Amino acid sequence: ASYDMGGHDTYMHKEISEQAEAVDRVLRGRIDDRFSTVHLGGLNLDPREARGIRRVKILGCGTSYHAGLIGAGLIEGMARIPADAEPASEFRYRNAVVDPDTLYIAVSQSGETYDVLAAVQELKRKGARVLGVVNVVGSAIAREADGGVYVHAGPEVCVVSTKCFTNTVVAFALLAVHLGRIRDLSVTDGKRIIEGLRKLPAQIQEILEGEEDIKKLAAEYAEAKSMMFIGRVRGYPVALEASLKLKEISYIHAEAYPASELKHGPLALIEPAMPTVAIVPDDDLLDKNRAALEEIKARSGRILAVAHREQEKADHTIVVPKNEDELDPILMGIPLQLLAYHTALALGRDIDKPRNLAKSVTVE
Ligand code: G6P
């Protein structure tokens, strides 16, 4: 399919720029202010069943897997159900124990990724309950699942996912509030998150308006041969996704580590030629994250921080607007999409169609 680029040079740029409207769409009609909760029409899970869930297992590939990692944190944090995410391809080959009290969630932009579909089919055959968090309406995974949440990001053409990633994480936040309000999330916390969700479109727009500054940074970082991305807890999947985005479209080697793991190996790589992008939200882990910046600075590493205020140990800080702690990862990923984009552009890459990659992988 080919869609109008709407004045943008690439689909990726168009899709990054559309994120405020896209987030508005995934929220629309789903918030219930009276009960400070969220309604999801297609979930097909009644409150009694929702109370019986003992674990949540999220499955996806690539960027959708990363969105699932953030989703697991949101569900565990708000609904207090143990939750984790795993690449669908790994899950389906390790003969995992399929447990009737686990809720399985398959994540996919296209709804056609073979490894995800095969995992869903195997789970269904074993009697598991599977939900989909899917963008393409009526796709194979959406049809196979027992119910789910549509992501409503709209068509995504660029091979690498941007707006669908953001919308998928927002969809998980909605699901987390929904499950949380059936379980232990208080009315006031439900209200707090809902208010945070409503602020997202304007805050995303504000980040996008900082594009020129990010473009200047990209010109500098495009010279790197290799880059490190670090974050902690909520920030770690943001680092994973940002490093994936950079390597996919710029072909610069990038890896992501939990900031706390630096000292167990990767610190050996730190030197001026290996810049680090650090996710540094203003939350309960701020001091811990700052300590990691100091460790890097002590080894003459260059640092680009994404934070809620200037970080003095960093060479550059991209300051993003603060939301609720739980929702900050949604915003912190966005400037790093632009960083990857402008880095790839500076290097003259084929941004919408990176070499060796496909938009949806419908074979094994
Ligand atoms: C391919 C694409 C990625 C995408 C992944 C999963 O590898 O290049 O951008 O994240 O498939 O795709 P899905 O449609 O299942 O989200």
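This is a predicted model: local features need pLDDT of at least 70, side-chain atom pairs count only at pLDDT 80 or more; totals for chains, interfaces and linings use all residues.
**View 1. An open sheet of five strands.** The strands follow the order β4-β3-β5-β6-β7, and their pairing is parallel. At the edges stand β4 (83-87) and β7 (147-150); each has a single partner strand, so one side of each is left without a neighbour in the sheet. On average, neighbouring strands of this sheet are turned by 20 degrees against each other, direction ignored. Strands in a sheet pair through backbone hydrogen bonds, in either a parallel or an antiparallel way. Between β6 (residues 129-134) and β7, the parallel pairing extends over four bridges. Val-149 in β7 is the bridge partner of Val-133.

**View 2. Helix α8 across the sheet strands.** Helix α8 covers residues 163-182 and lies across β3 (55-60), β5 (102-108), β6 and β7. Relative to β5, the helix runs at about 155 degrees.

**View 3. The aromatic pair of Phe-91 and Tyr-104.** The structure holds one aromatic pair. Its members, Phe-91 and Tyr-104, are tilted, with 6.1 Å from centre to centre and 55 degrees between the planes. Phe-91 belongs to helix α5 (residues 88-93) and Tyr-104 to strand β5, so the pair ties together parts that are 13 residues apart in sequence. Both Phe-91 and Tyr-104 are buried.

**View 4. Cysteines without a disulfide.** The count of disulfides is zero. For Cys-61, the nearest cysteine sulfur is that of Cys-164, 14 Å away. For Cys-158, the nearest cysteine sulfur is also that of Cys-164, at 12 Å. A disulfide needs two cysteine sulfur atoms within 2.5 Å. Is Cys-61 buried or partly exposed? Cys-61 has 24% relative accessibility and therefore counts as partly exposed. Cys-158, with a relative accessible area of 0%, is buried.

View 5. Met-332 has 2% relative accessibility and counts as buried. Leaving aside neighbours within four places in sequence, Met-332 is in contact with Val-238, Ile-279, Val-280, Pro-281, Val-306, Ala-307, His-308 and Val-320. Met-332 and Ala-67 stand 265 residues apart in sequence, and the distance between their C-alpha atoms is 13 Å.

**View 6. Gln-203 in helix α9.** Is Gln-203 buried or exposed? At 9% relative accessibility, Gln-203 counts as buried. Not counting residues up to four places away in sequence, Gln-203 touches Pro-321, Lys-322, Asn-323 and Leu-331.

Notes. Residues are numbered from 1 along each chain as its sequence is written. Side-chain values use heavy atoms; hydrogens and water are left out. Two strands pair if DSSP finds at least two bridges between them. Helices (H or I, at least four residues) and strands (E, at least two) are DSSP runs, numbered from the N terminus. Axes are lines fitted to C-alpha atoms, for helices over the stretch in contact, and angles run from 0 to 180 degrees between N-to-C directions. Contact means heavy atoms within 4.5 Å. Buried means under 20% relative accessible area, exposed over 50%, partly exposed in between (1.4 Å probe, protein chains only). Rings of Phe, Tyr and Trp (its six-membered ring) pair if their centres lie within 6.5 Å; planes under 30 degrees apart count as stacked, over 60 as edge-to-face and the rest as tilted.
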